[in-house]
Amino acid sequence: MMTPEQFTSTYKSNLESFFALSNKAFEGFEKLVDLNLNVAKATQAELAEKLKELFALREAQEFAQFGISLAQPTAEKALAYTRHVSEIAKSTQAEFVRFAESQLAEGNRKLVTLIDSAAKNAPTGSESAFAMMKSALAAANSALDSAKKAGQQFVDVTEANFAAATNATVKAANQAASVSKLGKKAA
């Protein structure tokens, strides 16, 4: 049975953990808001510049080349934005994982302590039941570690596929820009 001091200590610890985790979530959100504000400012400035360039064009071929010339930088900026969002999400997710792992480790430690304490006060002959509890806890922890490793492998494969797709997109945009430059030189 928990004493009032233990209850208060546990409650206080859980409350501190909640606020620490909430702060991590807000930090991730704040980074995302900052990124979006910076992108919006840069996009507005660039739009104003591109509109000046557009209004200075006089020939149909210049309009076509102008449109093609926008493809590569736009794809690269979209890729950079996506990478930043991914980094923010990954960083925030890593904080949540660290928190969950520390909470799980602390919970396991307390459970083992509780089992050991109960085993010391248990009647003779109940040792096998407590050994079975410890074995079940070890098996659960092993299964959890396996699931964690599988999850990490999934994240790694997803990131690799994302990187490959974005590299292919940039390569295609670069090729389109190169073709448009060659067409411009030939004209």
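A salt bridge is a side-chain nitrogen of Lys or Arg within 4 Å of a carboxyl oxygen of Asp or Glu. In this predicted model, Lys 24, Glu 27, Glu 95 and Arg 98 are linked in a network of such bridges. Side chains of opposite charge can pair when their charged atoms come close.

Lys 77 forms a salt bridge with Glu 46. The closest N and O atoms of the two residues are 2.1 Å apart. Lys 77 belongs to helix 2 and Glu 46 to helix 1, so this pair ties together parts that are 31 residues apart in sequence. Lys 77 has a relative accessibility of 43% and therefore counts as partly exposed. Glu 46 is also partly exposed, with a relative accessible area of 27%.

A salt bridge also forms between Lys 148 and Glu 101. Here the closest N and O atoms are 2.4 Å apart. Lys 148 lies in helix 3 and Glu 101 in helix 2, so the pair ties together parts that are 47 residues apart in sequence. Lys 148 is partly exposed, at 48% relative accessibility. Glu 101 is partly exposed, with a relative accessible area of 32%.

Another pair sits within one helix. The side chains of Glu 106 and Arg 109 meet in a salt bridge, with 2.5 Å from N to O. Glu 106 and Arg 109 are three residues apart in helix 2, so about one helical turn separates them. Glu 106 has a relative accessible area of 31%, which makes this residue partly exposed. For Arg 109 the value is 45%, and Arg 109 is partly exposed.

Asn 108 lies in helix 2 as well. Its relative accessibility is 16%, so Asn 108 counts as buried; the cut-off for buried is under 20%. Neighbours within four places in sequence are left aside for its contacts. On that basis, Asn 108 is in contact with Leu 137 and Asn 141.

Gly 151 is found in helix 3, which covers residues 127-186. This glycine is partly exposed, at 30% relative accessibility. Gly 151 and Gly 107 are 44 residues apart in sequence. In space, their C-alpha atoms are 21 Å apart.

The largest pocket has a volume of about 370 Å³. Its lining holds 15 residues. Those closest to the centre of the pocket are Ala 42, Thr 43, Glu 46, Thr 74 and Lys 77. The largest share, eight residues, comes from helix 1. By type, the lining divides into ten nonpolar, two polar and three charged residues.

Aromatic rings were also searched for pairs. The search of the whole structure finds one aromatic pair. Phe 18 and Phe 19 form this pair, and their rings are 5.3 Å apart, centre to centre. The angle between the planes is 65°. Planes over 60 degrees apart count as edge-to-face, so the Phe 18 and Phe 19 pair is edge-to-face. Phe 19 is partly exposed, at 47% relative accessibility.

Note on methods
Residues are numbered from 1 along each chain as its sequence is written. This is a predicted model: local features need pLDDT of at least 70, side-chain atom pairs count only at pLDDT 80 or more; totals for chains, interfaces and linings use all residues. Side-chain values use heavy atoms; hydrogens and water are left out. Rings of Phe, Tyr and Trp (its six-membered ring) pair if their centres lie within 6.5 Å; planes under 30 degrees apart count as stacked, over 60 as edge-to-face and the rest as tilted. Buried means under 20% relative accessible area, exposed over 50%, partly exposed in between (1.4 Å probe, protein chains only). Helices (H or I, at least four residues) and strands (E, at least two) are DSSP runs, numbered from the N terminus. On a 1 Å grid over the protein atoms alone, a cavity is a set of points where a 1.4 Å probe fits but cannot get out, and a pocket is an open set with protein on both sides within 12 Å along at least five of seven lines; lining residues have an atom within 4 Å of a point. Grid points are joined across faces, edges and corners, and a volume is the space filled by probe spheres set on the points. Ala, Val, Leu, Ile, Met, Phe, Trp, Tyr, Cys and Pro count as nonpolar, Asp, Glu, Lys and Arg as charged, and the others, Gly among them, as polar. Contact means heavy atoms within 4.5 Å.
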